[in-house]
Amino acid sequence: MLKPKDIIISGICLAGCVILAAFYATAYPSHLLWQEQNQIFLNTPHWVATYFDKPAWLGCLAGDWLTQYYHNPVAGAVILTLAIAFCTVCFAIGVRRILPGISSYILTVLFAILLIACSMDAATTLPFYFCVAGGLALGLLQHRVSFGKCRRLDLTPVFVVAAYWAFGFGALISAFLITAFTIKRILRKYMSDRHWFSALCAVILAAGTPAFLSGYYALPYSKALFYPGIAKPALPNYEYEERLAIADAFHDKDYDLTRQLALDAESPNEISAFYYYLSSALQDSLPDNLLKYKIKSLGTLTTIGETSPLPVINMMNDLYFELGDMTYAERAAMMRNVFSPRNRNVRMICRLAEINLVSGDTLAALKYLRILDRTHAYSAWSKKHTPGQMPPDVEADISRRRTLSNNKDNIRLGDNCRNILLELLESNHKNLIALDYLLCTDLLLKDMDTFKMDYDTYCIQKGSPRYKKLYQEALMIYLAGTDVPESEWDRYIIPGPTVDAFNRYSNRRGDPAFKDTYWYYFDKQ
Amino acid sequence: MYFKYLPLIILLTLLEACVPGPEDVSETDAFPDIYPDYIGVTVPCNIAPLNFLLRDSCEAVYVTAATEGFEIKSHKKGNEAIFDLTEWKNLLDKAQGKNITVSVTVLHGDDWTKYKSFDIAVSGDMIDPYLTYRLIEPDYEVFSRLRIVERNISDFSERILCDYNAVGNRCMNCHTHAPGDGDLSFLYVRGEGGGMVLNDHGNLRLLDFKTPDMVSGPVYAQFDPSGQFLVFSTNAIIPAFHSRPDKRLEVFDTKSDIFVYDLQRDAVLRSPLLADSSRLETFPTFSADGNSIYYCVADGPIRPSVIDSIHYSLCRIAFDPRQGTFGQSTDTIVKGLPGKRSVSHPRVSPDGRRLLYTVSDFGTFPIWHREADLQMVDLTTGEIDSLMIVNSPMSDTYHCWSATGRWFVFASKRDDGLYGKPYFAHVSPDGKVSKPFLLPQKSPSFYDDNLKSFNVPDLGAVPVSFSPRDVAATMAGKN
């Protein structure tokens with residue numbers, strides 16, 4: 001029969017867990033999805049065996065295996081909450097054996113807050129919590145063995161070495177608990193010499209085992225000691241969550257939602273702007289929306305390398321994939337994979353499969369599809385994308401992208417996006433996404449000569465002028481700055497309200513009433 | 001090292017007990033669709049078990065491998081055939097100089113089907129049992145967590161020689177053995193504070209012999225047979241991308257020269273014929289007697305727009321190891337042909353009779369050229385073997401001879417066009433080359449899951465005696 005106090009405490013804990021899970025599921029789902037996308041777990045014996053190559057195999061294996069279920073944000077929220085709850089319960093049991101009532105409660109609450117704070121950092125992975133839990137559990141088990149019915153059997157070395165083997169830095173936690181239990185008994189004068197030895201042994205082994213095994217595991221001592229890594233506490237990063245959510249909406253091909261999230265962003269930035277524009281381009285409205293977002297970031301002036309932030313590499317991968325440049329989409333995907341834990345990122349492996357399907361490189365595509373087929377969450381996706389088994393919508397999407405991709409061969413020395421856009425348009429001048437990115441980049445740079453040259457080359461000379469309001473406004477600026485005859489105006493400009501507005505603006509240059517026009521942007525921003 | 005697989009082995013053994021045996025078997029005339037493709041290959045008598053998987057989805061596989069009067073079997077659920085190491089070694093002992101006949105019977109649904117049996121020829125010529133390679137993603141422009149590994153190809157054990165942790169996650173070039181001496185070797189760590197890490201039978205030294213007239217540190221390097229000299233090229237390398245996605249990367253040199261480093265005298269030896277500013281000299285290697293240097297050369301300079309008109313020829317220059325001097329003229333052994341042939345990576349067989357090299361349509365980086373193939377020239381007759389049985393529609397390059405000259409290993413992208421894997425081919429005394437086979441793995445699905453290229457495979461007769469910790473200590477100046 002539970003005491004009323006225990007019922008109240010249990011109720012508070014349960015409510016805390018529900019609130020925490022609800023927070024993760026509603027306010028932090030993209031952080032959880034980021035974890036899932038930033039790794040891969042293959043359901044094969046060979047893959048599982050690779051976890052034995054490093055310490056903390058059990059913590060990492062259990063953590064990575066469960067992380068694949070983060071694909072569903074509710075499941076991810078529940079898993080993370082339970083992991084934190086389990087760590088907290090283990091800690092509470094341990095600390096109650098060391099400290100009196102109220103102190104143990106306060107410490108337990110602080111510990112739970114610390115763990116929750118660690119989960120706010122996108123770099124904290126589930127294996128961290130499993131290593132904490134494993135270390136605590138083995139420390140408690142050692143206490144039970146050493147001071148319980150089997151007290152004649154001193155298994156401290158076994159527990160600490162096992163803790164390192166299975167939970168990495170968890171061995172330090174086990175040793176800490178064992179030492180704390182010993183000190184408690186010293187203070188109560190219950191100690192025998194044997195327990196002194198146990199505590200000393202725990203500390204020495206927790207510090208010494210990583211040193212002894214660092215050669216075997218090919219890790220420097222500092223990394224071996226804290227393997228797989230200690231998480232850092234952080235405050236909730238809603239700005240990062242916002243960015244990730246926008247990228248996720250784009251990944252789900254929900255372009256309306258992407259644009260809406262970008263417009264609603266409390267901290268608009270380069271990434272929210274980028275996805276706003278890319279979604280607009282895919283809805284044939286980039287020129288219509290170019291001036292509607294306060295940050296101007298098309299990605300066409302961005303280059304990536306080993307120091308680029310990971311979301312920026314993702315961003316450039318999306319840009320090149322949508323433009324149709326499979327060479328640079330593959331480069332960004334490879335780069336993103338290389339900088340992921342264990343050099344694998346499931347979103348990029350899917351993307352590599354798509355890229356090779358578009359390129360017609362079936363052997364390479366099958367390589368990635370086979371890997372995905374061995375996962376829990378992407379097996380069905382893999383089958384849907386396997387040549388010969390594709391449903392019509394997938395096949396149509398691949399075919400559409402094929403028509404956009406580059407069929408000219410040039411050697412590129414860097415990621416100069418202008419050259420890439422020109423090559424794409426040389427391959428297919430009907431690639432409107434590439435065309436709009438080219439023309440809009442010219443306009444953001446206020447390079448009117450280049451804009452006019454590009455417009456002439458890919459719109460006028462190809463017989464498909466693009467009558468977008470933005471381009472009309474820009475062309476008026478260019479034409480007004482030259483002495484071209486009236487016929488030239490007729491060639492480019494459609495008579496109508498835009499011409500009238502330009503005439504009015506010419507007399508009121510810089511008037512904020514025209515702030516939605518390119519003329520105002522050209523003059524004032 | 002097997003203790004780490006213990007829980008899995010116990011689990012698999014328990015599952016193994018429930019595999020149904022073949023009953024009411026129907027036969028087909030087709031060979032099974034197996035991966036790796038071991039049908040009709042020639043293997044050395046000291047190779048690890050040739051485990052394989054079936055590309056068909058099937059419920060169980062029953063495989064027998066037999067030679068005159070001796071048979072072993074693999075009988076498992078799923079699509080993998082995995083042989084016991086001890087049984088396999090017994091089979092190889094009995095099959096030396098003969099064939100192993102492999103029979104594959106699979107369970108599809110409720111029906112067992114027996115495929116046409118195939119042979120594996122077992123050569124009595126042993127292969128050097130240690131293979132080193134660098135594990136790296138195929139996109140060489142960026143890297144992270146590189147590793148150089150030594151694999152014992154007689155079993156499945158492997159050892160890390162250098163790990164990214166030991167060198168601060170810097171770029172490492174591949175590990176190269178000296179001919180005939182497995183424990184004299186080097187690797188190169190790039191970046192600030194880096195240099196060539198020379199392994200002289202377990203004693204590691206960091207060498208930095210770059211001089212101001214060199215455009216870079218050593219890029220392609222080889223020992224001479226005595227182990228006293230290192231011939232190396234210094235290359236100003238430009239990585240570039242093709243806009244066509246199927247061509248991917250192109251890497252070219254804008255400058256390159258060849259030098260020889262005398263390890264005993266700590267001196268760099270030069271020849272104006274190997275450091276001509278108007279030409280690009282690269283891929284040097286010593287002849288088997290050490291009295292000449294083979295290398296590749298093209299006319300410079302190179303611009304990206306004309307990269308497809310650059311064709312390297314294979315040349316030779318005399319070298320006197322006693323005086324440390326070079327000949328006054330060079331010979332062209334295989335001429336680069338515009339639009340057809342650019343030569344790279346020459347390697348002379350240990351008996352000095354043959355030279356193996358890569359040909360591609362142009363340029364100096366065949367690893368991303370699908371048309372890149374191996375060829376072999378008989379140095380006594382000048383006859384060129386196009387090695388049709390060895391080559392594939394994908395890149396085949398980065399080859400290395402075994403100490404006996406009866407085997408060579410090379411990196412081939414034949415399976416997926418992206419990831420290089422080590423293939424071995426047998427060369428008979430009369431120069432006949434057999435169908436190559438892929439380095440066997442304990443788990444046949446290893447290559448399917450793997451996302452690293454096996455870069456520059458290199459054979460060694462003995463294990464090298466250093467570890468990542470030794471490399472780290474050497475880099476830190478503690479050796």
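1. Terms and provenance. Two strands are taken to pair if DSSP finds at least two bridges between them; helices (H or I, at least four residues) and strands (E, at least two) are DSSP runs, numbered from the N terminus. This is a predicted model, in which local features need pLDDT of at least 70 and side-chain atom pairs count only at pLDDT 80 or more, while totals for chains, interfaces and linings use all residues. Residues are numbered from 1 along each chain as its sequence is written, with chains lettered from A and ligands numbered from 1 in the order in which they are written.

2. Sheet in chain B. An open sheet of 3 strands in chain B has the order β2-β4-β7, with antiparallel pairing. Its edge strands, each pairing on one side only, are β2 (34-35) and β7 (80-81) of chain B. Between β2(B) and β4 (residues 52-54) of chain B, which run antiparallel, there are 2 bridges. Within this pairing, B:Tyr35 is set opposite B:Leu53 of β4(B).

3. Domains of chain B. Chain B comprises domain 1 (18-123) and domain 2 (209-461), the bounds coming from an automatic or database domain assignment. Taken over C-alpha atoms, the centres of domain 1 and domain 2 of chain B are separated by 36 Å. Their contact draws on 18 residues from domain 1 of chain B and 12 residues from domain 2 of chain B, where contact requires C-beta atoms, placed from the backbone, to lie within 7 Å. On the side of domain 1 of chain B that touches domain 2 of chain B, β3 (42-44), β4 and β10 (118-123) of chain B each supply at least two residues, and β3(B) gives the most, with 3 residues. That side of domain 1 of chain B divides into 13 nonpolar, 4 polar and 1 charged residues; Ala, Val, Leu, Ile, Met, Phe, Trp, Tyr, Cys and Pro count as nonpolar, Asp, Glu, Lys and Arg as charged, and the others, Gly among them, as polar.

4. Domains of chain A. Chain A is assigned domain 1 (4-225), domain 2 (238-404) and domain 3 (429-524). The C-alpha centres of domain 2 and domain 3 of chain A are 30 Å apart. Domain 2 of chain A contributes 15 residues to their contact and domain 3 of chain A 16 residues. On the side of domain 2 of chain A that touches domain 3 of chain A, the largest share, 3 residues, comes from α15(A). By class, this side of domain 2 of chain A has 9 nonpolar, 2 polar and 4 charged residues.

5. Helix pair in chain A. Helices α23 (residues 432-444) and α24 (residues 448-460) of chain A pack at about 160°, their axes being 8 Å apart; axes are lines fitted to C-alpha atoms, for helices over the stretch in contact, and angles run from 0 to 180 degrees between N-to-C directions. α23(A) and α24(A) are therefore roughly antiparallel, a term applied to angles over 145 degrees. Residues A:Leu435, A:Leu438, A:Leu439, A:Asp442 and A:Leu443 of α23(A) meet A:Thr450, A:Phe451, A:Asp454, A:Tyr455 and A:Tyr458 of α24(A). The contact of α23(A) with α24(A) has 7 nonpolar, 1 polar and 2 charged residues.

6. Interface between the chains. The contact takes 40 residues from chain B and 42 residues from chain A. On the side of chain B that touches chain A, β19(B) provides the largest share, 4 residues. The residues of this side of chain B divide into 17 nonpolar, 8 polar and 15 charged. Strand β1 (residues 411-412) of chain A also pairs with β19(B), in the antiparallel sense and over 2 bridges. There, A:Arg412 has B:Phe241 of β19(B) as its bridge partner.

Methods. Contact = placed C-beta atoms within 7 Å. Parallel < 35°, antiparallel > 145°, perpendicular 65-115°, else oblique.
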